[in-house]
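User: Can you walk me through the charged pairs in this one? Here it is.
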Amino acid sequence: MAKLSLFDRRRQRVRTSLRKRAGDRLRLSVHRSGRHIYAQVIDDKAGKTIAAASTLEKDVRNATGATSEAAAGVGARVAERAKAAGVTRVIFDRGGFLFHGRVKALADAAREGGLEF
């Protein structure tokens with residue numbers, strides 16, 4: 001099988017599991033590319049993004065590259081913005097990405113920032 005189809009299968013498996021146990025919690029969705037990492041707190045019922053952060057932001061982009069430290073900064077930033085919007089409990093959606101490296105660093109920083117998942 002092609003690598004993309006394995007990624008898609010893993011993403012679908014994760015998303016199905018999230019739907020079963022999400023309840024009324026919002027979703028903290030993570031996307032990782034070769035250079036950047038993105039995080040969004042999404043209200044699926046309303047179809048709106050509540051808070052977002054990424055390494056593309058000007059003050060983060062020049063200071064860091066595609067590292068775990070940059071991902072941790074994004075995690076702290078999205079947690080701060082979510083708390084400002086009144087969100088404390090979320091469910092973590094890693095998509096098809098493994099919970100390792102930059103994705104794990106982002107999740108740990110978001111937990112330290114006050115998000116509960």
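User: How many salt bridges does the structure hold?
Analyst: The structure holds 9 salt bridges, counting a side-chain nitrogen of Lys or Arg within 4 Å of a carboxyl oxygen of Asp or Glu. Mind that this is a predicted model, where local features need pLDDT of at least 70, side-chain atom pairs count only at pLDDT 80 or more, and totals for chains, interfaces and linings use all residues. Residues are numbered from 1 along each chain as its sequence is written, and side-chain values use heavy atoms, with hydrogens and water left out.
User: OK, what do Arg-27 and Asp-93 do?
Analyst: Their side chains form a salt bridge, 2.8 Å from N to O. Arg-27 sits in strand 1 (residues 26–32) and Asp-93 in strand 4 (residues 90–93), so the pair ties together parts 66 residues apart in sequence. Strands here are DSSP runs of E, at least two residues; helices are H or I, at least four; both are numbered from the N terminus.
User: Buried or exposed, those two?
Analyst: Both Arg-27 and Asp-93 are buried. Buried means under 20% relative accessible area, exposed over 50%, partly exposed in between (1.4 Å probe, protein chains only).
User: Which residues are in a network with them?
Analyst: Arg-15 and Asp-44 are linked with Arg-27 and Asp-93 in a network of salt bridges.
User: New topic: what does Arg-89 pair with?
Analyst: Glu-116, with the closest N and O atoms 3.6 Å apart. Arg-89 is in the loop between helix 3 and strand 4, and Glu-116 in the segment after helix 4 (102–112), so this pair joins parts 27 residues apart in sequence.
User: And how accessible is Arg-89?
Analyst: Arg-89 is partly exposed, at 43% relative accessible area; Glu-116 is also partly exposed, at 46%.
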